[in-house]
Amino acid sequence: MKLTADTNLLVRVLTEDDERQATTARAALAAAELVAVTLPTLCELSWVLRRGYKHAPARVAGAIRQRLASGTVAVDRAAAEAGLALLDAGGDFADGAIAFEGRRLGADAFISFDARAVERLRARGEAAQLLS
């Protein structure tokens with residue numbers, strides 16, 4: 001079967017906070033011919049692991065990379081790598097993915113009220129503007 005993984009499925013596998021659901025989720029992923037992991041799912045996953053489970057950015061990045069390394073995973077790799085790059089720099093996965101997607105859609109710059117996001121993107125050489 002080809003399936004789309006919801007965030008909660010990946011959270012169960014990565015945190016094992018519910019043994020029954022984690023076992024069920026691992027079995028579903030292992031049996032799948034293809035596992036589609038969407039960009040919104042990765043953004044949610046990063047947020048849940050960082051905010052809800054208090055995982056460090058490096059641990060979250062490692063968990064995401066581990067999931068994406070599976071040969072059955074279909075993902076927008078370029079957008080995921082952009083999110084991971086900002087996460088590696090101490091920022092939010094979502095901000096990196098959003099900035100990347102915006103550029104791909106033709107935007108010249110990332111615009112935000114989030115000073116940290118703008119600072120981290122600028123540090124990576126990306127066009128970003130802070131609104132006040």
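Mentor: Let's take the labels in turn and set each value against its cut-off; keep in mind that this is a predicted model.

Trainee: Okay, S46. Why is S46 called buried?
Mentor: Buried means under 20% relative accessible area. S46 has 4%, so it counts as buried. You'll find S46 in helix α3, where it touches V60, I64, L87 and F93, leaving aside residues up to four places away in sequence.

Trainee: And how do you know that T41 counts as buried or exposed?
Mentor: T41 comes in at 7% relative accessibility, and the limit for buried is under 20%, so T41 is buried. T41 also lies in helix α3. Its contacts, again not counting residues up to four places away in sequence, are A5, D6, T7 and L10.

Trainee: What makes the pairing of the T41 and T38 side chains a polar contact?
Mentor: The distance between them is 2.8 Å. A polar contact needs a pair of N or O atoms within 3.5 Å, one able to donate a hydrogen and the other to accept it. The T41 and T38 side chains make such a contact.

Trainee: Which label does T23 get, then?
Mentor: Partly exposed, because its 43% falls between the 20% and 50% limits. T23 sits in helix α2, residues 19-31.

Trainee: On to salt bridges. How many are there?
Mentor: Nine in the structure.

Trainee: What makes R26 and E16 a salt bridge?
Mentor: The side-chain nitrogen of a Lys or Arg has to be within 4 Å of a carboxyl oxygen of Asp or Glu. For R26 and E16 the N to O distance is 3.2 Å, so the pair passes. R26 is in helix α2 and E16 in the loop between α1 and α2, so the bridge ties together parts that are 10 residues apart in sequence. E16 also has a positive phi of about 50°, although it is not a glycine.

Trainee: How do you know that E126 and R124 form a salt bridge?
Mentor: Their closest N and O atoms are 3.5 Å apart, and the limit is 4 Å. So the pair counts as a salt bridge. The two partners get separate labels: E126 is buried at 18%, while R124 is partly exposed at 43%.

Trainee: Which residues are linked in a network of salt bridges?
Mentor: R50, R51 and D92.

Trainee: Let's go inside. Which residues touch the most other members of the largest nonpolar core?
Mentor: V35, V37, L42, I64, L68, V75 and F93, out of 30 residues in that core. The elements giving two or more residues to the core are α1, α2, α3, α4, α5 and α6. A second, separate core has seven residues, including A99, F110, A117 and A128.

Trainee: Which elements do the buried residues of α1 pack against?
Mentor: They pack against α2, α3 and α4. The buried residues in α1 are T7, L10, V11, R12, V13 and T15.

How values were computed:
Residues numbered from 1 in each chain as written. Predicted model: local features only at pLDDT ≥ 70, side-chain atom pairs only at ≥ 80, totals over all residues. Heavy atoms only, no water. Helix = DSSP H or I, 4+ residues; strand = E, 2+ residues; numbered from the N terminus. Buried < 20%, exposed > 50% of the residue type's maximum accessible area, 1.4 Å probe, protein only. Core = buried A, V, L, I, M, F, W, Y, C linked by side-chain atoms within 4.5 Å. Contact = heavy atoms within 4.5 Å.
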